[in-house]
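These are my notebook entries on one structure. I set down what I looked up, entry by entry.

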Amino acid sequence: MEHNEIGKYTRSFGLSFAITSVISALLVILKESNEETILAWMKVATGHHWVTHGLFNIILFSALGWALSRPNNGQGVKISANVLVICIASAVILSDLLIAGFYA
Amino acid sequence: MENVLLLLHPATGGLATLAALWVFVDTLNAGEASLARIRNISIACAFLMWLTYFLGGYWYVNFYGADKALIKAGPWAFGHNFFMEVKEHVFLMLLLLATYLPIASSNNLHINKAARKVVLWTAGLIVPTSLAMEGSGAVISIAVKIALLLKGQGG
């Protein structure tokens, strides 16, 4: 028998990926546009801005994924597979366009 | 040491891409017998992508400086200014997407059409993005080669 309910971590971490991906792309623009402040701080934090950026992404992805699995009495955020897939695909395309567009 | 890292980085990246493609194809016809295999290959994809991240990241942070200076002084400066800049930042997103693949594959795919759709899209997005990373790496390598050739000719 076919089911159409996806697991709560599939929903929460899928949504977390979409949000983190777009925030990461925006951080690229933000840090490269503010070399004396944000980029300089990110370099000081770990020794390299890219390492800080990666750590920020991993922490945000993990924290958001966990947080979004908590609502609705621990059942996690309610979202259909179709909407989740649209969020994931849109985030990938938007992030790619933001990053490539910035450096083009 | 750095040359070995430079070879291993695209090799593990290529294997991660193949793993994602495997997951995509296997999920198209997911059955009870293929469930464990899909989950294991999804984990392998994530593991290989993390390995690619550490290998490439260590090389980038510690050894890329000299190549970057060469590329920026050469005729293919876009090898760094566009391709490396885009690659290093899109890869951070790709790493999370590959990390998400085993999570999406943890559902009972053989009886869950919605879960299969999520896995197909996730694996399906990893493949072209990874190939774009491999292609960018090739452009960066050629940019270094051209810069070195010109430098050797006194150009």
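**Entry 1: a residue in chain B.** I began with B:A46, which touches B:A98, B:T99, B:L101 and B:P102, leaving aside residues up to four places away in sequence. Contact here requires that the C-beta atoms of two residues, placed from the backbone, lie within 7 Å. I located B:A46 in helix α2 of chain B. Helices (H or I, at least four residues) and strands (E, at least two) are DSSP runs, numbered from the N terminus. Is B:A46 buried or exposed? I found that B:A46 counts as buried because it has 24 C-beta neighbours inside 10 Å. The cut-offs are 20 or more other C-beta atoms within 10 Å for buried, 12 or fewer for exposed, and partly exposed in between, again with C-beta atoms placed from the backbone. I also noted that B:A46 and B:A19 are 27 residues apart in sequence and 8.9 Å apart in space, C-alpha to C-alpha.

**Entry 2: conventions.** I am working with a predicted model, in which local features need pLDDT of at least 70 and side-chain atom pairs count only at pLDDT 80 or more, while totals for chains, interfaces and linings use all residues. Residues are numbered from 1 along each chain as its sequence is written, and chains are lettered from A and ligands numbered from 1 in the order in which they are written.

**Entry 3: chain B overall.** I counted four helices and zero strands in chain B, in the order α-α-α-α from the N terminus on. The C-alpha trace of chain B spans about 65 × 25 × 20 Å along its principal axes. Of its 155 residues, 46% count as buried. Among contacts in chain B with a separation of 6 or more, 82% join residues 24 or more positions apart.

**Entry 4: helices of chain A.** I checked α1 (residues 8-33) against α3 (residues 49-67) of chain A: their axes come within 8 Å and cross at roughly 150 degrees. Axes are lines fitted to C-alpha atoms, for helices over the stretch in contact, and angles run from 0 to 180 degrees between N-to-C directions. The crossing angle therefore makes α1(A) roughly antiparallel to α3(A). Angles over 145 degrees count as roughly antiparallel. Residues making this contact include A:F13, A:F17 and A:L27 of α1(A) and A:L60, A:F61 and A:L64 of α3(A). By class, I recorded eight nonpolar, eight polar and one charged residues. Ala, Val, Leu, Ile, Met, Phe, Trp, Tyr, Cys and Pro count as nonpolar, Asp, Glu, Lys and Arg as charged, and the others, Gly among them, as polar.

**Entry 5: where the chains meet.** I found 29 residues from chain B and 34 residues from chain A in the contact. On the side of chain B that touches chain A, α2 (35-73), α3 (78-104) and α4 (113-152) each supply at least two residues. Which helix gives the largest share of that side? It is α3(B), with 14 residues. That side of chain B divides into 18 nonpolar, seven polar and four charged residues.

Entry 6: I looked at α1(A) and α3(B), which pack at an angle of about 180 degrees with their axes 10 Å apart. These two helices are therefore roughly antiparallel to each other. Among the residues in contact are A:Y9, A:F13 and A:V28 of α1(A) and B:L92, B:M93 and B:Y100 of α3(B).

Key:
Angles under 35 degrees count as roughly parallel, over 145 as roughly antiparallel, 65 to 115 as roughly perpendicular and the rest as oblique.
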